[in-house]
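Please open the model in your viewer and keep the sequence beside it.

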Amino acid sequence: MQDFTGKLVVITGAASGVGRSLAIAMAEAGARVLAADIDEVGLEETKAALDAIGAISYIRTCDVTSQESVDALARQAFEALGGAHLVFANAGIAAGEAGPLWGYSDSDWKWCFEVNLWGVVHTINAFMPRLHDQAEEAHFVITGSGNGAFIVYPDQPVYTASKAAVQAVTEALYLQTAAQQSAVKVHALFPGPNIVDTGIFDSDRVRPPRFEKSEDAPDSGIHSAEDMRRMMEEYGMELKTTHPDEVAQMALEGIRKDQFWILSLNRGSEAQIKARMDSILKRENPPIPSLG
Ligand SMILES: NC(=O)c1ccc[n+]([C@@H]2O[C@H](COP(=O)([O-])OP(=O)(O)OC[C@H]3O[C@@H](n4cnc5c(N)ncnc54)[C@H](O)[C@@H]3O)[C@@H](O)[C@H]2O)c1
């Protein structure tokens with residue numbers, strides 16, 4: 001798709017970070033935006049930013065862990081707003097992890113998988129049949145993470161496992177729709193090339209009571225990009241960050257070029273992916289990856 005003018009774009013996780021930047025970038029490219037999130041205050045801020053650039057936009061409170069909630073979002077898009085042509089399954093959380101794999105509670109695992117994996121599954125279930133029936137060129141973009149899709153970072157095992165599953169779902173969806181020569185194009189968006197300075201480090205702000213954190217839960221002590229920067233400086237490393245607006249521009253370009261892998265790597269991550277793939281092909285034990 002080259003021209004986004006007047007197209008409706010639906011974005012989950014649009015109250016912050018990458019989702020908000022996607023909303024603004026798509027609106028600047030002429031699209032109408034239906035922004036969805038569990039965070040009502042953040043959504044209002046996104047709406048204000050969209051109003052400020054004169055965009056046609058709508059906001060909706062939506063919890064991606066609930067199929068009903070995402071179905072209601074899809075009904076708004078297709079029944080009230082005339083159909084959607086771009087859907088971003090973007091909502092995601094990180095559980096602020098640290099410590100050994102056996103130190104996490106069921107609540108940590110379930111929250112992370114319910115948002116990151118089930119959120120994507122619910123969005124596929126709600127939107128793909130409607131996009132398919134619409135039978136017009138459309139794009140379904142899933143926000144993954146190289147952490148899980150390509151590399152296994154031992155410090156964030158729960159998030160990593162959820163994003164590995166997201167990658168499998170995304171690729172399977174791509175392969176199925178490609179085999180059907182569907183009008184719906186599927187894309188895997190990887191925010192980067194560096195850590196993207198968003199609210200992801202402070203996901204606890206939107207952690208619902210039903211997934212309450214246990215008092216003895218391991219805590220990395222990193223609740224912002226700034227915390228991460230300080231921690232890395234202690235080890236003599238420099239943290240490079242990417243602004244979410246750059247990710248949004250990369251997404252637009254990837255859609256225009258019909259790319260499945262909407263991905264930008266830095267030298268460090270590229271070398272780590274190669275090292276992991278080599279270890280698999282040579283049957284060598286996995287190299288230990290590091291951030292940066
Ligand atoms: N920031 C990075 O470096 C980075 C790197 C790779 C992948 N990602 C992925 O990018 C996506 C966007 O994250 P971000 O970095 O912009 O973080 P963010 O915290 O700024 O934005 C995530 C949004 O998801 C929303 N959300 C959380 N739970 C929800 C739920 N149950 N229902 C609906 N919305 C919910 C939050 O309220 C928030 O607005 C995520 O999928 C994340 O895993 C981020």
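**First stop: a glycine in a loop**

Select Gly 192 and, leaving aside its neighbours within four places in sequence, you will find it in contact with Gly 146, Thr 242, Ser 264 and Leu 265, where contact means that the C-beta atoms of two residues, placed from the backbone, lie within 7 Å. Residues are numbered from 1 along each chain as its sequence is written. This is a predicted model, in which local features need pLDDT of at least 70 and side-chain atom pairs count only at pLDDT 80 or more, while totals for chains, interfaces and linings use all residues.

Gly 192 lies in the loop between β6 (184-190) and β7; helices (H or I, at least four residues) and strands (E, at least two) are DSSP runs, numbered from the N terminus. Is Gly 192 buried or exposed? Gly 192 is buried because 20 other C-beta atoms lie within 10 Å, and the cut-offs are 20 or more such atoms within 10 Å for buried, 12 or fewer for exposed, and partly exposed in between, with C-beta atoms placed from the backbone.

**Second stop: strand β5**

Now select residues 138-143, which form strand β5, and note that six of its six residues are buried. Ala 138, Phe 140 and Ile 142 point one way from β5, whereas His 139, Val 141 and Thr 143 point the other way. Leu 86 has His 139 as its bridge partner in β5. With β6, strand β5 pairs in the parallel sense over six bridges, and there the bridge partner of Ile 142 is Ala 188.

Finally, select the ligand, which 31 residues surround, the closest being Gly 13, Gly 17, Gly 92, Thr 198 and Gly 199; a residue is near a molecule if its C-beta atom, placed from the backbone, lies within 6 Å of it. The largest share of this shell, three residues, comes from α1, and both α1 (17-28) and β7 (195-196) supply at least two residues each.

Follow α1 along its 12 residues, and you will see it reach 17 Å from its first C-alpha to its last, close to the 16 Å expected at 1.5 Å times one less than its number of residues. Of these 12 residues, 11 are buried, among them Gly 17, Arg 20 and Met 26. Just after α1, Gly 30 takes a positive phi of about 105°.

Definitions and conventions
Pairing = 2+ DSSP bridges.
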